[in-house]
Amino acid sequence: MSFADRLAGFFSLTPAVSSSESVTTRNTATSTSLAYRGDSHGVVGAEFVTDIGFSGHSTSTSQAMGLEADLGEESRPPYIHAMIAGGIGGSTGDMLMHSLDTVKTRQQGDPHFPPKYVNLGSSYYKIWRQEGIGRGLYGGWLPALGGSFPGTMLFFGTYEWSKRFLIDHGLQQHLAYLSAGLLGDFAASVVYVPSEVLKTRMQLQGRYNNPFFESGYNYRGTMDAARTIVRQEGPSALFYGYKATLYRDLPFSALQFMFWEQFLAWAQEYKESRDVGMPFELLTGGLAGGLAGVMTCPLDVVKTRLQTQVNTTNGTADQGKTTTAKAASPSPQKRNISTSSPSTHTPRPGAVNLQTSSVMRGLKVIYQTEGVGGWFRGVGPRGVWTFIQSGCMLFLYQRLLRQLEVWMPLTEKERAL
């Protein structure tokens, strides 16, 4: 018997039955129900018991229980719908925030002293005025989009599969959300890390032969950047910073989606509906991303410091010359800059060189030299970035899922796959 049949039965004196039952069975059940109307309880079918003596109270109680059960059920959209909605939502959120990420990349990769890009507002205006939007604020948008869309598709597909598998095998829901977010980001990293290397270098460079900023890179375009990196530095250079990126992004995604699932469940309980409306959809997604961004700020700080420090392990005079004359040198175009977005930490001038490639040791050095405040340097911009990006992505994800149910309806057999 379907839920709709049961709900319809609550509003009638006769019990709801499935269409497969015969007319004789229905009449018998009706007679039995009326015969026991004066008693305190009557048996309805073999599935549930209703309080005939207090039918109004029973109806409201049953409805409330049914609504609670419906809200408690795990939402399981078709995998293809989750991947399409996630890809569009994630790439849209990234594109909306790309210009801000460009400013932060310039700030953290600025080789000049005193730095040319100091605060967010003046840096944003300076890049826009000098270099424009296409190759200035939105430099590197093509590799960013090329990595964001397939990366978020992989993320949401892996997340949905992992979440269902873990819950079906008895893992507590919050741990399932946490683990699924971790696995989803790991699967997506194979795509988005190489694209982030291209994107970050194009962001730092700006326009070709840029007269306003000497970044050490000078690529004609995205394809030229990819060919040059592979030819001069090898294919492994496309995965530069991979380990440090995972140290930050895996915990962020795990926390983000655990928080989001919980905040969304609370919103559904408050609204007593699965459709919580636009304000709550934006708020739950934004709060989840913002909170996860703040909590993982120390990992963002150490990742950026590891990738922007000057390596002196084989410190020779030749290496120093190569660093200062990078643009004019025929040596490979390579700088230790962040390759992952969003990285909103800008090391202050004179910050101690970590002299390590270990994330844990880097955290320890920062704490010893700068205290807890060093771990949370740049926490404000990071919180704002992750709040807006996460809110946009998860809002579009939910909206597109509902539209895809209309545009691409699937059969029950397909939904079960």
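## Salt bridges in a predicted model

R76 is partly exposed, its relative accessible area being 36%. This residue belongs to a predicted model, in which the count of salt bridges comes to eleven. Among them are the pair R76 and D168, the pair R164 and E160, and the pair K163 and E261.

**The pair R76 and D168**

- R76 forms a salt bridge with D168, and the closest N and O atoms of the two residues are 2.7 Å apart.
- This pair links distant parts of the chain, since R76 sits in the loop between α3 (55–72) and α4 (79–96), while D168 belongs to helix α8 (residues 141–168), 92 residues apart.
- D168 has a relative accessibility of 53% and therefore counts as exposed, because the cut-off for that word is over 50%, whereas R76, at 36%, is partly exposed.

**The pair R164 and E160**

- The side chains of R164 and E160 meet in a salt bridge, with 3.2 Å from N to O.
- Because R164 and E160 are four residues apart in helix α8, about one helical turn separates them.
- Both R164 and E160 are buried.

- Through salt bridges that share partners, E160, K163, R164 and E261 are joined into one network.

Methods:
Residues numbered from 1 in each chain as written. Predicted model: local features only at pLDDT ≥ 70, side-chain atom pairs only at ≥ 80, totals over all residues. Heavy atoms only, no water. Salt bridge = Lys/Arg side-chain N within 4 Å of Asp/Glu carboxyl O. Helix = DSSP H or I, 4+ residues; strand = E, 2+ residues; numbered from the N terminus. Buried < 20%, exposed > 50% of the residue type's maximum accessible area, 1.4 Å probe, protein only.
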